Amino acid sequence: QRTVRMPGEVDFPLYARALEFCAVDSDTFVRVTAMNICLNTLRLITMQKVEDESSDADAADANSEPSIKSPDASLTNIQPLLIFDRVAIAQHVCTPSRVVQLVGPIFSKLAQLSGMMEELIRE
């Protein structure tokens, strides 16, 4: 039996903790690993089952796993999530404050590097 929760009640402690390490002042390796966790979470919600266009004999094979369509096809060994779970994750991670926590450090670093490059070019 599955308990039904409202989307606002969803909690992802790993994602929340990873966001904390996405800050600009975090070690580069730690920051990249944390961002990888966050981006993999986002990729999980984009994965969906794909209907196999092979022959009917192949489709009748009960032992075959469903095909997975991933944006970059690197998460091929997992089952796609149910739509309810995908929507819950999407609503959680796409909250504006969480999006800012994820992309803010990236753009801050880009701005910093662009400023440094501009100084070098002007010299």
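Where is the place of Glu 20? Glu 20 sits in helix H1. The notes below start from there.

1. **Basis.** This is a predicted model, in which local features need pLDDT of at least 70 and side-chain atom pairs count only at pLDDT 80 or more, while totals for chains, interfaces and linings use all residues. Residues are numbered from 1 along each chain as its sequence is written, and side-chain values use heavy atoms, with hydrogens and water left out.

2. **Confidence.** pLDDT is the predictor's confidence in each residue, from 0 to 100. The protein chain averages 77. At least 70 is reached by 69% of the residues. Residues 55–63 have a pLDDT below 50. Beyond near neighbours in sequence, that stretch has one contact in the model. A contact here means heavy atoms within 4.5 Å.

3. **Overall layout.** The protein chain has five helices and two strands. Helices (H or I, at least four residues) and strands (E, at least two) are DSSP runs, numbered from the N terminus. Along the sequence the pattern reads α-α-β-α-β-α-α. Of the 123 residues, 20% count as buried. The cut-offs are under 20% relative accessible area for buried, over 50% for exposed, and partly exposed in between (1.4 Å probe, protein chains only). Among contacts with a separation of 6 or more, 57% join residues 24 or more positions apart.

4. **Helix H2.** Helix H2 covers residues 28–46, which is 19 residues. The expected span of a helix is 1.5 Å times one less than its number of residues. For H2 that gives 27 Å, and the end C-alpha atoms are 27 Å apart, so the two agree. At the start of H2, a side-chain oxygen of Asp 27 comes to within 3.2 Å of the backbone nitrogen of Phe 29. Such a polar contact is a pair of N or O atoms within 3.5 Å; within protein, one must be able to donate a hydrogen and the other to accept it, and residues adjacent in sequence count only if both atoms are side-chain atoms.

5. **What H2 buries.** Arg 31, Ala 34, Met 35, Cys 38, Thr 41, Arg 43 and Ile 45 are buried in H2. Their cover includes helix H1 (13–20), helix H4 (83–93) and helix H5 (96–122). Thr 33 also lies in H2. Thr 33 is partly exposed, because its relative accessible area is 35%. Its C-alpha atom is 8.6 Å from that of Phe 21, twelve residues away along the chain.

6. **The core.** The largest nonpolar core has eleven residues: Tyr 15, Ala 18, Leu 19, Cys 22, Ala 34, Met 35, Cys 38, Ile 45, Ile 89, Val 93 and Leu 102. The largest share, four residues, comes from H2. A nonpolar core is a set of buried Ala, Val, Leu, Ile, Met, Phe, Trp, Tyr and Cys residues joined through side-chain atoms within 4.5 Å. In soluble globular proteins, nonpolar side chains tend to be buried together.

7. Ala 18 touches Ala 34, Ile 37 and Cys 38, not counting residues up to four places away in sequence. Glu 20 and Ala 34 are 14 residues apart in sequence, with 8.3 Å between their C-alpha atoms. Glu 20 counts as partly exposed, because its relative accessibility is 45%.

8. **The H1–H2 loop.** Ser 26 lies in the loop between H1 and H2. Ser 26 is buried, because its relative accessible area is 15%. Leaving aside neighbours within four places in sequence, Ser 26 is in contact with Glu 20, Phe 21 and Arg 31.

9. **Cysteines.** How many disulfides are there? The count is zero, where a disulfide is a pair of cysteine sulfur atoms within 2.5 Å. The sulfur of Cys 22 is 4.3 Å from the closest cysteine sulfur, in Cys 38, so the gap is too far for a bond. Cys 22 counts as buried, because its relative accessibility is 0%. Cys 38 is buried too, with a relative accessible area of 0%.

10. **Pro 105.** Pro 105 is in helix H5. Pro 105 counts as buried, because its relative accessibility is 10%. Pro 105 and Cys 22 are 83 residues apart in sequence but 6.6 Å apart in space, C-alpha to C-alpha.
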